[in-house]
Amino acid sequence: AIQSAGGLVPNCVAFIDGTFAGMCKPGGGAGGALGGLQRECWNPHYKGHGLKYQGVILPNGMYGDFYGGTPGARHDAHMFRISGLQSRLVQLEQTTGVRYKIYGDSAYALSQYVV
């Protein structure tokens, strides 16, 4: 569907991006048990606490894959690595014989599967 709409990359079937979902600061004092959670969930780019999510959107607008919430300080590339999406794309290629690709923004490193 992407190629028929003018996309230049053959077998590119989806779009990937991460998003930040803000939340209230986790409870507990800085010296308490939740102090580490506050640090983990703090995202200096958004200047707030929250969780990160990664979505892979198909041309019909439906999610093809969804991963999260990881602590807010994590980068999109880290979420891609730990989500297992690349291994699922490898498995799909081994099953179908077709290397499907997904479009990602500059937060994602170029690879055989992300362009």
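**Strand pairing and core**

Modeller: E1 and E3 are paired in the antiparallel sense, with nine bridges. Please bear in mind that this is a predicted model.

Colleague: Which residue of E3 is the bridge partner of Gly22?

Modeller: Gly22 has Gly50 as its bridge partner in E3.

Colleague: And how many bridges join E3 to E4?

Modeller: Seven bridges join them; E3 covers residues 48–57, E4 covers residues 63–71, and the two run antiparallel. Lys52 stands opposite Thr70 in E4, and Gly55 stands opposite Phe66 in E4.

Colleague: Why is E3 largely enclosed by the rest of the structure?

Modeller: Seven of its ten residues are buried, so E3 is largely enclosed by the rest of the structure.

Colleague: Changing topic: which residues make up the largest nonpolar core?

Modeller: That core has eleven residues: Ala14, Ile16, Val56, Phe80, Leu85, Leu89, Ile102, Ala107, Tyr108, Tyr113 and Val114. Strand E1 (12–23) and helix H3 (85–96) each supply at least two residues of this core.

Colleague: What is Val114 in contact with, leaving aside its neighbours within four places in sequence?

Modeller: With those neighbours left aside, Val114 is in contact with Phe80, Ile102, Gly104, Tyr108 and Ala109.

Colleague: Stepping back, what pattern does the chain follow along the sequence?

Modeller: The protein chain has three helices and five strands, and their pattern along the sequence is β-α-β-β-β-α-α-β.

Colleague: How much of the chain counts as buried?

Modeller: Of its 115 residues, 32% count as buried. The accessible surface of the protein chain is about 6900 Å², and carbon and sulfur atoms account for 58% of that surface.

Colleague: One last item: what percentage of contacts between residues at least 6 apart in sequence join residues at least 24 apart?

Modeller: For the protein chain, the figure is 53% of those contacts.

Terms used:
Residues are numbered from 1 along each chain as its sequence is written. This is a predicted model: local features need pLDDT of at least 70, side-chain atom pairs count only at pLDDT 80 or more; totals for chains, interfaces and linings use all residues. Side-chain values use heavy atoms; hydrogens and water are left out. Two strands pair if DSSP finds at least two bridges between them. Helices (H or I, at least four residues) and strands (E, at least two) are DSSP runs, numbered from the N terminus. A nonpolar core is a set of buried Ala, Val, Leu, Ile, Met, Phe, Trp, Tyr and Cys residues joined through side-chain atoms within 4.5 Å. Buried means under 20% relative accessible area, exposed over 50%, partly exposed in between (1.4 Å probe, protein chains only). Contact means heavy atoms within 4.5 Å. Accessible areas come from the Shrake-Rupley method with a 1.4 Å probe; for residues, only the protein chains shown count as cover.
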